[in-house]
Amino acid sequence: MKTDEWKSRYGFLLAAIGSSVGLGNIWRFPYIAYENGGGVFLIIYFFALLTAGIPILILEFSLGHKFKGSAPLTFARINKKLEWLGWWQVLISLIISIYYSAVIAWAIAYFVFSFDLQWGVNTIDFFLHDFLGITESPLTLGSLRINVLFSIFIVWLITYFILNSGIKKGIEVANKFLMPLLFVTMIIIMFRSIFLPGSYIGLNFLFTPDFSKILDVSAWVDAYGQVFFSLSVAFAIMITYSSYLPKKSDIINNAFITGFMDACFALISAIAIFSIVGFMTYNAGGEVPKNLQGVFLAFATIPKAINQMPFMPSLIGALFFLTVISAGITSEISITEAVVSSIINKLHRPRKEIVLIYCIFGFIVSILFATGGGLFILDIVDHFVNNYGIVCTGLVEVAALSWFFDLNILKDHANNISDFKINNIWNILIKFVTPIILLCILTLNIYKDIRIPYGGYSVKALTYLGWSTALLIFILSFLISKIKWYDKEILKGLK
Amino acid sequence: MNTSALIMMIISLVIAFGGAIYFILKALRK
């Protein structure tokens, strides 16, 4: 089967940056920076970007480019015994692609609501009860919200049309439109926010350095965790995207551009979000607003701030949710492509057929997130998939490649086609620094979850929805790797 | 905005945008 390729380097870069810049840049990074020492955290963050984020990006770009396949095919080509690792990453992407579609769907609905500020004065009540019809626990699904369901359908329809058109005409064209749109809307929101009264209060929260945090282990773990989650590494995406690169591609430079551009977007959104936080604090006479991260930041705190804006609040609201939609869609298509390409590789079926079947399947499962229990389920699944799934696959990936594969093969491959060269420091970062950090993150996550059940949910709900999901995808990855490739020859010839 | 916050903001923006622009220019020159 002929493999599609990126039309230009610019197209690949936009797609890779589009995949990295997601909802985490908007609603996770600003709060983590604020929580962990402001300006000091940013320095730790850049250190983490250079010592873990970009080295892993170089690793994954080299893997995809050298072995020319989706994650399972790439790992199977390295060693048949490693194929399950690729499927583990793909199954994580599968789960994320499903719940991510629900969040984008909420943003689409809120984009429409913003024209007449339909969320009213009590934005939390509107979001939880009027919009989501939330139930009392994750194990009670409640009623189906038709407007949410309709928005989810739109997300899958968009995903279908983009992926169905292939790499060049679908993903590349979509990113060439969505990424500039995302950049422009973010810049407009940032400048509007900076000129709001009291914005400086928020910027002081965000940037004032707290030097005591430099010795705080949790600030370092959060910085590395943020870099790791944000760059879309360890869940099959970057391996898949780089497999579509033409033979002559500057891998190392591409990795640096992707890493730094992701940081640029994170900083722009942090400035915008915290200027808005400052504005709200100023209006409330010095009281800092609650809910400064996650879905509540986007769907309750920001709408509340938009209500208070002095000039054209509807326009700013529409622009904000357009930003969330663009950031979400560019990530969603990359996550879905990681799954679709793996199935295409394994079964040797036409792209159009696999994309159609997967999008129908994705939509059907997403219905779960249009119920009253959807937000709880999303919260639990997201916590376990991110904190255990991605961290574990990342850890196994760097450990397996470092200890059972010669990293110099990848280093030489990257150096041969790149302008900027990497040396043995890269080997040390991949072989020692990254596994140690991931192990620290994993240990800390386990410790936190054992000490206090996540989010105050019942142990039963966490076991059924969280631990079981994490365990199930791990077992399934082994089972899927046992299915035969349509042609065994596909595993040969590229070592 | 206090001075230390302003300095940290400028440093962060210079590192992020400086890094991105440096590598983009490097790619364009090739």
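# A chat about chains A and B

Me: Which residue does Lys80(A) form a salt bridge with, and how far apart are the closest N and O atoms?

Reply: Lys80(A) forms a salt bridge with Glu83(A), and the closest N and O atoms are 2.7 Å apart. A salt bridge here is a side-chain nitrogen of Lys or Arg within 4 Å of a carboxyl oxygen of Asp or Glu. This is a predicted model, in which local features need pLDDT of at least 70 and side-chain atom pairs count only at pLDDT 80 or more, while totals for chains, interfaces and linings use all residues. Residues are numbered from 1 along each chain as its sequence is written, chains are lettered from A in the order in which they are written, and side-chain values use heavy atoms, with hydrogens and water left out.

Me: Buried or exposed, for Glu337(A) and Arg351(A)?

Reply: Glu337(A) counts as buried because its relative accessibility is 0%. Arg351(A) also counts as buried, at 17% relative accessibility.

Me: And which residue pairs with Arg349(A)?

Reply: Arg349(A) forms a salt bridge with Glu353(A), the closest N and O atoms being 3.0 Å apart. Arg349(A) is partly exposed, with a relative accessible area of 37%, and Glu353(A) is partly exposed at 30%. Salt bridges that share partners also join Lys80(A), Glu83(A) and Lys346(A) into one network.

Me: New topic. How many residues of each chain are in contact, chain A with chain B?

Reply: In chain A, 26 residues are in contact with 19 residues of chain B. Contact means heavy atoms within 4.5 Å.

Me: How much area is buried between chain A and chain B?

Reply: The buried area is about 2000 Å², and carbon and sulfur atoms give 79% of it. Buried area is the accessible area (1.4 Å probe) that two parts lose on being put together, summed over both.

Me: Which helices of chain A supply residues there?

Reply: On the side of chain A that touches chain B, α4 (39-67), α10 (199-207) and α13 (251-283) each supply at least two residues. The largest share, 10 residues, comes from α13(A).

Me: How many salt bridges are counted between chain A and chain B?

Reply: The count is 0 salt bridges between chain A and chain B.

Me: What about chain B itself: how many helices and strands?

Reply: Chain B has 1 helix and 0 strands. Its C-alpha atoms fill a box of roughly 40 × 10 × 5 Å, taken along the principal axes. Of the 30 residues in chain B, 30% are buried.

Me: Back to chain A. Where is Phe205(A), and which residues does Phe205(A) touch?

Reply: Phe205(A) is found in helix α10 of chain A. Not counting residues up to four places away in sequence, Phe205(A) touches Tyr34(A), Phe274(A), Val277(A), Thr281(A) and Val288(A). Phe205(A) and Phe274(A) are 69 residues apart in sequence and 7.6 Å apart in space, C-alpha to C-alpha. Phe205(A) is partly exposed, at 26% relative accessibility.

Me: Last one: is Ser331(A) buried or exposed?

Reply: Ser331(A) is buried, because its relative accessible area is 3%. Ser331(A) lies in helix α15 (residues 313-347) of chain A. Among the residues that Ser331(A) touches, not counting those up to four places away in sequence, are Gly18(A), Val21(A) and Tyr100(A).

Definitions and conventions: Helix = DSSP H or I, 4+ residues; strand = E, 2+ residues; numbered from the N terminus. Buried < 20%, exposed > 50% of the residue type's maximum accessible area, 1.4 Å probe, protein only.
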